[in-house]
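Here are my notes on the model you sent over. Have it open while you read, and go through the points in order.

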Amino acid sequence: MRSLALIAVVPMLMQSCEKDADSASDIPSGFEHSLFETLEDTMPDGKRVLRLRYVADSLGAEDHQRVSADFAALCARDALPRQAKADPKFDEVVISLANKKSEFAVFNPEVTQYFEAFTLKNGSCIWEAF
């Protein structure tokens, strides 16, 4: 049910995100997210994964619900344009939000991080449960 809701919401988010991709107002929570790292991986099964890592300095441990809609907005705003230009195409995007920069795949107890994954298909971001 949740994935169907996101499929319906993403086209609307794409339209609103086209207005000003750099403004915090296009992000539902109002947090200012800065993209600090983009990684591209090919998994052993051949799937291509795009990883977009963002920092929102004021993000706290209690903010997961507040930022939950931000993932779909960031996917629509940032991942879909990259997907349109990618060759070969990505199968999935993993978006992470953190309160500070950290080394990829290294646990840091001082960093609050949230992750969401989306399948990229037919110009849409389809939420995938971890």
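This is a predicted model: local features need pLDDT of at least 70, side-chain atom pairs count only at pLDDT 80 or more; totals for chains, interfaces and linings use all residues.

1. The partners are C75 and C125, with their sulfur atoms 2.0 Å apart. C75 sits in helix α3 (residues 70-85) and C125 in strand β5 (residues 124-128), so the pair links distant parts of the chain, 50 residues apart. The link of C75 and C125 is left-handed, with -90 degrees about the S-S bond.

2. Are the two cysteines buried or exposed? C75 has a relative accessible area of 0%, and C125 likewise comes out at 0%. Buried means under 20% here, so C75 and C125 both count as buried.

3. On the overall layout: the chain has three helices and five strands. Going along the sequence, the pattern reads α-β-β-α-α-β-β-β. Of the 130 residues, 43% count as buried. The accessible surface comes to about 7,500 Å², and carbon and sulfur atoms account for 52% of that. If you take contacts between residues at least 6 apart in sequence, 60% of them join residues at least 24 apart.

4. Now the sheet. It is open, has five strands in the order β1-β2-β3-β4-β5, and its pairing is mixed. The edge strands, each pairing on one side only, are β1 (34-42) and β5. Neighbouring strands are turned by 25 degrees against each other on average, direction ignored.

5. Which strand pairs with β2 in the parallel sense over seven bridges? That would be β3 (residues 92-98), alongside β2 (residues 48-55). To find your place in the viewer, look for R51, which stands opposite V94 in β3. As background, strands of a sheet pair through backbone hydrogen bonds, either parallel or antiparallel.

6. Back to the helix that carries C75. Helix α3 packs on the sheet, where it touches β1, β2, β3, β4 (113-121) and β5. The direction of α3 makes about 50 degrees with that of β4.

7. Q83 has a relative accessible area of 11%, so it counts as buried. What does its side chain meet? A polar atom of the Q83 side chain lies 2.8 Å from the backbone nitrogen of F90. Leaving aside neighbours within four places in sequence, Q83 is in contact with K89, F90 and L120.

Conventions: Residues are numbered from 1 along each chain as its sequence is written. Side-chain values use heavy atoms; hydrogens and water are left out. Helices (H or I, at least four residues) and strands (E, at least two) are DSSP runs, numbered from the N terminus. Buried means under 20% relative accessible area, exposed over 50%, partly exposed in between (1.4 Å probe, protein chains only). Contact means heavy atoms within 4.5 Å. Accessible areas come from the Shrake-Rupley method with a 1.4 Å probe; for residues, only the protein chains shown count as cover. A disulfide is a pair of cysteine sulfur atoms within 2.5 Å. A polar contact is a pair of N or O atoms within 3.5 Å; within protein, one must be able to donate a hydrogen and the other to accept it, and residues adjacent in sequence count only if both atoms are side-chain atoms. Two strands pair if DSSP finds at least two bridges between them. Axes are lines fitted to C-alpha atoms, for helices over the stretch in contact, and angles run from 0 to 180 degrees between N-to-C directions.
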